[in-house]
Amino acid sequence: MKISVTKDVFPLAQVFTIARGSRTEAVVLRVEIEEDGFTGRGECVPYARYNETVESVTAQIEGLKTPLTREELQTALEAGAARNAVDCALWDLEAKKAGVPVWQLAGISKPTPEITAYTLSLDTPEKMEAQAAENSARPLLKTKLGGGIEDIARIEAVRRGAPDSRIIVDANEGWTADVYREMAPVLVRLGVEMVEQPLPASDDEALLEIERVLPVCADESCHDRESLPALKGKYDMVNIKLDKTGGLTEALKLREAALAAGYKVMVGCMVGSSLAMAPAVLVASGAAVVDLDGPLLLAEDRNHPLEYDDKFVFPPQSELWG
């Protein structure tokens, strides 16, 4: 067994801004695992919010001892980007060697097309209204907020631009408890269905004292199954991202545990290519919210990319993954 890791850079179709900053490209790591003439692939996005860099994640992957099974990987690396890319590559390798799709190996239902959110970048109200109008035919829009006093004007502008779309909001830890109290009635009035991570993960105890007049989803506060006990009473939904769970293996277990604990499930992504989204499509089956639009934000994608239309993300072709 041979493991290799390569940095790939994908330019974005336009500048992408959230509460923490802006970017013009997606920097990802592609892992390839070769064994017995077969090659499995996976992708991850090192994320500074979780103290990850391209260099640190690469070092974690290159430090693994081979041969390696998925079961061994779960204890060899902690949950995070490095384990995600390797875990997904091992699933892909196993599927190719067995000649059956990953969903069969995992014992889950065959993936079907899922309605995916399309993300509107944080900007001025005028520009966000234009973004919304341009994508108003899409059934679900995810609106980035967390940018200060203009947030009310921003979400009102988005609703004007897309009067018929379902809307969810992502504050990326950019609010305080007082801002949430001010924003929540506005969001309810505009028909927003959910707000994602309004408060910093380090300060989310305040959610225990706040009346949640619309569902609140944990993103930065939820990584893997070990996160669930601390979410009780604060959140109504959890956002499962493979770069947080450390791969498909833990993502499937987190989905099961979250549903058993009474949470609704959202399946999300970092900004990456179709190779990163493909395993997440398997987790997305039956989720309350699917947000796997990463490739739609890129100026170019990988060969054999995922298929998207104005509503759906479709399951991957075997040439891509799985």
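What follows is a short tour, moving from the sheets to the helices and then to the cores. Please keep in mind that this is a predicted model.

Start with the sheet built from β1, β2 and β3, which is open, has its strands in that order and pairs them in the antiparallel sense. Because β1 (2-18) and β3 (38-44) each have a single partner strand, they form the edges, and one side of each is left without a neighbour in the sheet. Neighbouring strands here are turned by 20° against each other on average, direction ignored. If you look at β2 (residues 21-35) beside β3, you will find seven antiparallel bridges joining the pair. Glu-34, for example, has Thr-39 in β3 as its bridge partner. Helix α3 (residues 81-98) packs on this sheet, where it touches β2 and β3, and its direction makes about 150° with that of β3.

Now turn to the other sheet. This one is open too, with eight strands in the order β5-β6-β7-β8-β9-β10-β11-β12 and parallel pairing. Its edge strands, β5 (118-120) and β12 (289-290), pair on one side only. Within the sheet, β7 (residues 166-170) and β8 (residues 192-196) are linked in the parallel sense by three bridges; Val-169 has Val-195 in β8 as its bridge partner.

Next, follow helix α6 over this sheet: α6 lies across β5, β6 (140-144), β7 and β8, and runs at about 155° to β7. How does α6 sit against α7? The axes of α6 (residues 151-161) and α7 (residues 177-189) come within 11 Å and cross at roughly 10°. Angles under 35 degrees count as roughly parallel, and α6 and α7 are therefore roughly parallel to each other. On the α6 side the contact involves Asp-151, Ile-152, Ile-155 and Glu-156, which meet Glu-182, Met-183, Val-186, Leu-187 and Arg-189 of α7. Of the residues in this contact, five are nonpolar, four are charged and none is polar.

Finally, look inside. The largest nonpolar core has 79 residues, and those touching the most other members are Ile-155, Trp-175, Leu-187, Val-238, Leu-248, Leu-292 and Trp-321. Helix α11 (residues 274-284) gives the most to this core, with nine residues. Another core, of 18 residues, lies apart from the largest one, and Val-31, Ile-33, Leu-77 and Leu-90 are among its members.

Notes:
Residues are numbered from 1 along each chain as its sequence is written. This is a predicted model: local features need pLDDT of at least 70, side-chain atom pairs count only at pLDDT 80 or more; totals for chains, interfaces and linings use all residues. Side-chain values use heavy atoms; hydrogens and water are left out. Axes are lines fitted to C-alpha atoms, for helices over the stretch in contact, and angles run from 0 to 180 degrees between N-to-C directions. Helices (H or I, at least four residues) and strands (E, at least two) are DSSP runs, numbered from the N terminus. Angles under 35 degrees count as roughly parallel, over 145 as roughly antiparallel, 65 to 115 as roughly perpendicular and the rest as oblique. Contact means heavy atoms within 4.5 Å. Ala, Val, Leu, Ile, Met, Phe, Trp, Tyr, Cys and Pro count as nonpolar, Asp, Glu, Lys and Arg as charged, and the others, Gly among them, as polar. Two strands pair if DSSP finds at least two bridges between them. A nonpolar core is a set of buried Ala, Val, Leu, Ile, Met, Phe, Trp, Tyr and Cys residues joined through side-chain atoms within 4.5 Å. Buried means under 20% relative accessible area, exposed over 50%, partly exposed in between (1.4 Å probe, protein chains only).
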